[in-house]
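Morning, everyone. I have one model to show you, and two topics. Here it is.

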Amino acid sequence: MHKVAITGTGLFTPSQVITNDELVEAFNAYADLWNAENAAAIEAGTVKAKPHSSSEFIVAASGIENRYVLDKEGPLDPARMFPRLAQRSDDEPGYMAEIGVDAAQKAISAAGRTAADVDLVICAASNMERAYPAVGVEIQQLLGAGGFAFDMNVACSSATFGIQTAADMIRAGSIRSAIVVNPEICSAHLEWRDRDCHFIFGDVATATYLERDEGLDRPHFKVLSTRCATQFSNNIRNNSGFLRRTHDAMDDRRDMQFMQNGRKVFKEVLPLVSQHIADHLSDTGVEASDLRRLWLHQANKSMNDYIGKKVLGRPPEPHEQPNVLQDYANTSSAGSIIAFTKYSDDFETGDKGLICSFGAGYSVGSVVVERG
């Protein structure tokens, strides 16, 4: 069995930003339009008026202040309320592949490698731009990488599940290196017209380069252990899919976008994740006090604060559990990798940390690393 190391990460950040104030202004204008169009039904009591949102509400509910997006014009148009991304021909790179390649090239460069060194590309994300051909294979071709590629979807846990999959192949000897790419265009599946979730997501792409931990002469992170777990739940769900037209469900239905029962998710996911991490550390022989940092899934500040306190047995210091969601919002599987990319350069040899992501499924994946 070969040892595995993370030798590089990459991050693509879109150029456009939507602030909470911009988002609220657009949403409230949409709510006013909807309420005016449905005034009679609201007066009759058959439907409820849409309430306004506020920046204060968003920060209190999530800790989010801004989000990066590929297109801000569409979501801020009260008559549209979703992104506008031009249709591309089959001969042009897809949107996911384009941003994924940007992150992948940065990760490969950070690792001191070239695309020719890549044996495997995994495109691991919460949504795929199409069913086939695989976006991972498109990224492989655009990079000029060899080997093979495939797609993986485990919602917000896709990155850590992809890391375990790649690490297992490296451990077994079937490949020497892999790159796990997480292109997340979450703005496209977000329901911007729902006050309870219109602020949650942003767009981004991350990538993680893994290879055999043999003769590495530059800083890297040893992958000490990986672990994944799932437990079925409908509390985070999207009913869109290739069977949609067979159900005669082509109309504008709410369940075809992101949906969640936030209170149940909070209540059920937090104990699941906290116990998962505790068991993983115990089985790996690592004490919570050995961890210099937690790089957690960036969904909600309150959730991360709870998990950090459960894992460490005390409230974490800001440097022990860095958040990036105030700037990036929830970027699904990419969130923990953004945190890892931005807050890992200060580690010294022997320092340990834990990457963890969790979400729909339910799913949770964790990676224990040590600076080499």
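I will take a helix pair, then the cysteines.

This is a predicted model: local features need pLDDT of at least 70, side-chain atom pairs count only at pLDDT 80 or more, and totals for chains, interfaces and linings use all residues. Residues are numbered from 1 along each chain as its sequence is written, and side-chain values use heavy atoms, with hydrogens and water left out.

Helices first. Helix 4 covers residues 95-110, and helix 5 covers residues 135-143. Helices here are DSSP runs of H or I, at least four residues, numbered from the N terminus. Their axes come within 9 Å and cross at roughly 55 degrees. Axes are lines fitted to C-alpha atoms over the stretch in contact, and angles run from 0 to 180 degrees between N-to-C directions. So helix 4 and helix 5 are oblique to each other. Oblique is what remains after under 35 degrees (roughly parallel), over 145 (roughly antiparallel) and 65 to 115 (roughly perpendicular).

Who touches whom? Helix 4 brings Met96, Ala97, Gly100, Val101, Ala104, Gln105 and Ile108. Helix 5 answers with Val135, Glu138, Ile139, Leu142 and Leu143. Contact means heavy atoms within 4.5 Å.

Now the cysteines. How many disulfides are there? The count is 0, taking a disulfide as a pair of cysteine sulfur atoms within 2.5 Å. For Cys186, the nearest cysteine sulfur belongs to Cys156, 7.1 Å away. Cys197 has the sulfur of Cys186 as its nearest, at 12 Å. Buried or exposed? Cys186 is buried, at 0% relative accessibility. Cys197 is buried too, at 4%. Buried means under 20% relative accessible area, with a 1.4 Å probe and protein chains only.

Conventions:
Helix = DSSP H or I, 4+ residues; strand = E, 2+ residues; numbered from the N terminus. Buried < 20%, exposed > 50% of the residue type's maximum accessible area, 1.4 Å probe, protein only.
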